[in-house]
Amino acid sequence: MTQDDVRTETLLALKDEARARYEELRSKGLALDLTRGKPSPEQLDLADSLLTLPGRGPVAGDGTDVRNYGGASGIADIRQIWAEVLGVPVDTLIAGDASSLSIMFDLVSWAHTFGTQDSPRPWSQEEQVTWICPVPGYDRHFAITERFGYRMVTVPLREDGPDMDAVRELVRDPQVKGMWTVPVFANPTGVTISRDVARQLAEMETAAPDFRVVWDNAYAVHTLTDTFPEIIDVTALAAEAGHPNRFWHLSSTSKITFAGAGVAFLNSSTENLDWYRSIAGVRSIGPNKVNQLAHARYFGSADGVREVMLRHADSLAPKFRAVLEILDRRLGGLGVAEWTRPEGGYFISLDVLDGTAARVVELAREAGVSLTAAGSSFPLRHDPDDRNIRLAPSMPTTEQLVTAMDGVATCVILAAIEAVEAEGR
């Protein structure tokens, strides 16, 4: 947002009130954290029965003793449940350990070290690897490609997905090897990629034969309502388009059961899965099948997964409503901020007056409210407009959240007043 949008007289009339609110906030000695989308203790309690599972008789449905080695693709019990959740064939799905972030790191790392089956050479031997990054986006995605020294090029994330004109132009370069996406309830905007955009990604021609789209379906079932979004089988779309190896489709039980102790999934073409297993089989003699069986018994079925997620929504939705109510009441009509209204996921994306995001975060920190650092939703933590702030409502109690967000609104107003006054001098 620019200063042209600001209702200047209305804003400046709030100066004394905003300063008084801020000093009152500072006097409370708060220590509130809105930095990351962590499940609350109330949400974690939903999975407590997992601690007693799989129980006696640790044998999977096909007779596999899950206590022993083997089973590179994971056990069928959990793969069948998650294949139905994602709407994909079970034979295109691998179940692994912990979280999808681990698999994503492996995929990029192994392509870098060894190359994919479609690569003329390992990516480490390329003069330069370029990665497409829709923004605002997920900071941990950008951290992976930053770690490998890849050049990261941003494209705008629109209401139906990434700007495809920009993407098609970029993939004409053979050094462009990949692209990050969060297709459902994206971090931090809550945007869901449309079927039309997904089809365009599957069908587009790329100069690099080993171009990959990381389709990180981290929030596939993380609704805030009583309905669930469409989940697109992008592997099937890619096969129909003649680019069967285009997508690495990830999912997991993160923010459903226990952080770091869940099950991660990779859905892709047979060739991609064979390539993955050929390297994963050297790293490990199989995943944690005991944990996979515990999760299968906890969920019971795909409908069981959805029932659990509706209970999560019961906890999360009031918090999101509280944030939006405060933003509407405190900032609506001032022209100093815009924000998303997600129907799922873990975040609200707040755009403040250009050039003030870092100042808002600084003011909030000094008042005892920790926000994700300004710029975190962009590669190398650099937001060229210094505009975007990611809000994570999940962890605090609703009472704490109301206090924190009222304070954040005050900080947005104060930072905007400072900017307007500085411009006027």
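**Backbone geometry and sheet arrangement in a predicted model**

Leucine 380 is found in the loop between strand 12 (369–371) and strand 13 (388–391); helices (H or I, at least four residues) and strands (E, at least two) are DSSP runs, numbered from the N terminus. The structure is a predicted model, in which local features need pLDDT of at least 70 and side-chain atom pairs count only at pLDDT 80 or more, while totals for chains, interfaces and linings use all residues. Residues are numbered from 1 along each chain as its sequence is written, and side-chain values use heavy atoms, with hydrogens and water left out.

Most residues other than glycine have a negative phi, and most peptide bonds are trans. Leucine 380, which is not a glycine, has a positive phi near 60°. Leucine 380 is exposed, with a relative accessible area of 51% (buried means under 20% relative accessible area, exposed over 50%, partly exposed in between, with a 1.4 Å probe and protein chains only). The loop between strand 12 and strand 13 also holds aspartate 386, whose phi is positive at about 45° although the residue is not a glycine.

An open sheet is formed by eight strands in the order 2-9-8-7-6-3-4-5, with mixed pairing; two strands pair if DSSP finds at least two bridges between them. Strand 2 (93–97) and strand 5 (161–162) stand at the edges and have a single partner strand each, so one side of each is left without a neighbour in the sheet. Strand 4 (residues 151–158) and strand 5 run antiparallel and are joined by two bridges. Leucine 157 has proline 162, in strand 5, as its bridge partner.

Helix 4 (residues 76–86) lies across strand 2, strand 8 (247–252) and strand 9 (263–267), at about 115° to strand 2. Axes are lines fitted to C-alpha atoms, for helices over the stretch in contact, and angles run from 0 to 180 degrees between N-to-C directions. Helix 5 (residues 100–114) packs on the sheet and touches strands including strand 3 (130–135) and strand 8, its direction making about 155° with that of strand 8. Serine 100 lies in helix 5 and is buried, with a relative accessible area of 6%. Leaving aside neighbours within four places in sequence, serine 100 is in contact (heavy atoms within 4.5 Å) with Asp216, Leu250, Ser251, Ser252 and Ala264.
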